[in-house]
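This briefing is meant to be read beside the sequence and the coordinates. Please keep both in view while going through the points, which are grouped by topic.

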Amino acid sequence: MLSAIVILKATGRPAGQFFELASGAPFHRTAVDWTWEQERARVFARYREG
């Protein structure tokens with residue numbers, strides 16, 4: 001799980017470097033249906049659990 005996602009105010013999306021990081025080792029987010037919004041939800045859920 002990526003532990004931080006910084007959203008650019010101008011675009012409302014993560015910077016391009018985020019997607020480069022997500023697709024490389026050790027994260028390997030390469031599934032066609034993967035989205036950064038799903039990753040954000042996973043991060044939020046993990047930290048809400050305590």
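What follows describes the overall chain, then the aromatic side chains, the charged side chains, and some local backbone features.

The model is predicted, and every value given below was computed from it. The protein chain has two helices and zero strands, and its C-alpha trace spans about 30 × 25 × 20 Å along the principal axes.

**Overall chain**

- Of the 50 residues of the protein chain, 20% count as buried, and the chain exposes about 3900 Å², of which carbon and sulfur atoms supply 56%.
- Among contacts in the protein chain with a separation of 6 or more, 38% are accounted for by residues 24 or more positions apart.

**Aromatic side chains**

- The count of aromatic pairs comes to three, and one of them is formed by Phe-18 and Phe-19, whose ring centres are 5.3 Å apart and whose planes stand at 80 degrees, so this pair is edge-to-face.
- The reasoning behind that label rests on a cut-off, because planes over 60 degrees apart count as edge-to-face.
- Taken together, Phe-18, Phe-19 and Trp-34 form one aromatic cluster.
- In a separate arrangement, the charged end of Arg-46 sits over the ring of Tyr-47, at 5.9 Å from the centre of that ring.

- Side chains of opposite charge can pair when their charged atoms come close, and here the count comes to two salt bridges.
- The side chains of Glu-39 and Arg-29 meet in a salt bridge with an N to O distance of 2.9 Å; Glu-39 lies in helix α2 and Arg-29 in the loop between α1 and α2, so this pair ties together parts that are ten residues apart in sequence.
- Glu-39 is buried at 1% relative accessibility, and Arg-29 is likewise buried, with a relative accessible area of 16%.
- The side chains of Arg-42 and Glu-39 meet in a salt bridge with an N to O distance of 3.7 Å, and these residues, being three apart in helix α2, are separated by about one helical turn.
- Arg-42 is partly exposed, with a relative accessible area of 42%.
- The side chain of Arg-29, for its part, reaches the backbone oxygen of Phe-27 at 2.6 Å.

**Backbone features in the loop between the helices**

- Most residues other than glycine have a negative phi, and most peptide bonds are trans.
- Against that background, a cis peptide bond joins Ala-25 and Pro-26, with omega at about 0 degrees, and Pro-26 lies in the loop between α1 and α2.
- His-28 is placed in the loop between α1 and α2 and has a positive phi of about 50 degrees, although it is not a glycine.

**The segment before α1**

- Val-6 is found in the segment before α1 and is exposed, with a relative accessible area of 62%.
- Leaving aside neighbours within four places in sequence, Val-6 is in contact with Arg-13, Pro-14 and Ala-15.
- The C-alpha atoms of Val-6 and Phe-18 are separated by 8.2 Å, the two residues being twelve apart along the chain.

Key:
Residues are numbered from 1 along each chain as its sequence is written. This is a predicted model: local features need pLDDT of at least 70, side-chain atom pairs count only at pLDDT 80 or more; totals for chains, interfaces and linings use all residues. Side-chain values use heavy atoms; hydrogens and water are left out. Rings of Phe, Tyr and Trp (its six-membered ring) pair if their centres lie within 6.5 Å; planes under 30 degrees apart count as stacked, over 60 as edge-to-face and the rest as tilted. A charge sits over a ring if NZ of Lys or CZ of Arg is within 6 Å of the ring centre and within 35 degrees of the ring normal. Helices (H or I, at least four residues) and strands (E, at least two) are DSSP runs, numbered from the N terminus. Buried means under 20% relative accessible area, exposed over 50%, partly exposed in between (1.4 Å probe, protein chains only). Contact means heavy atoms within 4.5 Å. Accessible areas come from the Shrake-Rupley method with a 1.4 Å probe; for residues, only the protein chains shown count as cover. A polar contact is a pair of N or O atoms within 3.5 Å; within protein, one must be able to donate a hydrogen and the other to accept it, and residues adjacent in sequence count only if both atoms are side-chain atoms. A salt bridge is a side-chain nitrogen of Lys or Arg within 4 Å of a carboxyl oxygen of Asp or Glu.
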